[in-house]
Amino acid sequence: MAMQPEMIRKIDSILERVKDPESDLPVAQLGLVQRVRYNEEKKKMYIFTNLNEHVPKCSTCRFIAAGVVARITKDLEAAFKLEFPDLSVEFV
């Protein structure tokens with residue numbers, strides 16, 4: 001089943017609102033979310049990201065990047081739950 005235009009608009013808005021804490025650029029501009037799927041039967045939103053692909057090899061940098069990834073994930077989850085309170089969110 002295809003997503004309704006209103007749902008697509010809300011998702012696009014979330015991806016523009018949630019920002020990378022280091023660069024202050026929107027997640028949409030950075031391409032950190034590859035796609036979003038909705039399962040109406042399960043009342044679940046699946047968010048496919050490539051956040052971990054951007055983690056550097058340096059162990060100190062990796063530790064810092066893990067904090068940034070956790071922050072972006074937390075912010076995305078909060079924004080999705082705010083816009084879609086009846087749905088659960090799962091990161092894939």
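**Reading contacts, burial, packing and a pocket**

Student: Leaving aside its neighbours within four places in sequence, which residues is Met3 in contact with?

Tutor: Contact means that heavy atoms lie within 4.5 Å, and by that rule, with neighbours within four places left aside, Met3 is in contact with Ile8, Ile11, Val36, Arg37 and Tyr38. Met3 itself lies in the segment before α1, where helices (H or I, at least four residues) and strands (E, at least two) are DSSP runs numbered from the N terminus. Before we go on, keep in mind that this is a predicted model, in which local features need pLDDT of at least 70 and side-chain atom pairs count only at pLDDT 80 or more, while totals for chains, interfaces and linings use all residues. Residues are numbered from 1 along each chain as its sequence is written, and side-chain values use heavy atoms, with hydrogens and water left out.

Student: Is Met3 buried, exposed or partly exposed?

Tutor: A residue is called buried under 20% relative accessible area, exposed over 50% and partly exposed in between, with a 1.4 Å probe and protein chains only. Met3 is partly exposed because its relative accessible area is 22%. Its C-alpha atom is separated by 23 Å from that of Leu30, a residue 27 places away along the chain.

Student: How many helices and strands does the protein have, and what pattern do they follow?

Tutor: The protein has 3 helices and 3 strands, and reading along the sequence gives the pattern α-α-β-β-α-β. Its C-alpha trace spans about 45 × 25 × 20 Å along the principal axes. Of the 92 residues, 30% are buried, and among contacts with a separation of 6 or more, 52% join residues 24 or more positions apart.

Student: How should I read the way α1 and α3 pack?

Tutor: Two packed helices are described by the angle between their axes and the distance between the axes. The axes are lines fitted to C-alpha atoms over the stretch in contact, and the angle runs from 0 to 180 degrees between N-to-C directions. Here α1 and α3 pack at an angle of about 150 degrees, with axes 10 Å apart. The residues that make this contact are Lys10, Ile11, Ile14, Leu15 and Arg17 on α1, and Leu76, Ala79, Phe80 and Glu83 on α3. They divide into 6 nonpolar, no polar and 3 charged, where Ala, Val, Leu, Ile, Met, Phe, Trp, Tyr, Cys and Pro count as nonpolar, Asp, Glu, Lys and Arg as charged, and the others, Gly among them, as polar.

Student: What is the volume of the largest pocket, and which residues are closest to its centre?

Tutor: Rolling a probe the size of a water molecule over the atoms shows where empty space is left. On a 1 Å grid over the protein atoms alone, a pocket is an open set of points where a 1.4 Å probe fits, with protein on both sides within 12 Å along at least five of seven lines, and lining residues have an atom within 4 Å of a point. The largest pocket has a volume of about 230 Å³, and of its 14 lining residues the closest to the centre are Asp20, Glu22, His54, Val68 and Val69. A volume is the space filled by probe spheres set on the points, which are joined across faces, edges and corners. Helix α3 (residues 59-83) gives the largest share of this lining, 6 residues, and the lining as a whole divides into 11 nonpolar, 1 polar and 2 charged.

Student: Is Val69 buried or exposed, and which residues does Val69 touch?

Tutor: Val69, which lies in helix α3, is buried because its relative accessible area is 15%. Not counting residues up to four places away in sequence, Val69 touches Leu51, Asn52 and Val55.

Student: What is the phi of Asp24, and what is that of Lys43?

Tutor: Phi of Asp24 is near 65 degrees, a positive value in a residue other than glycine, and Asp24 sits in the loop between α1 (5-17) and α2 (27-30). Lys43 also is not a glycine and has a positive phi of about 55 degrees; the place of Lys43 is in the loop between β1 (33-39) and β2 (44-49).
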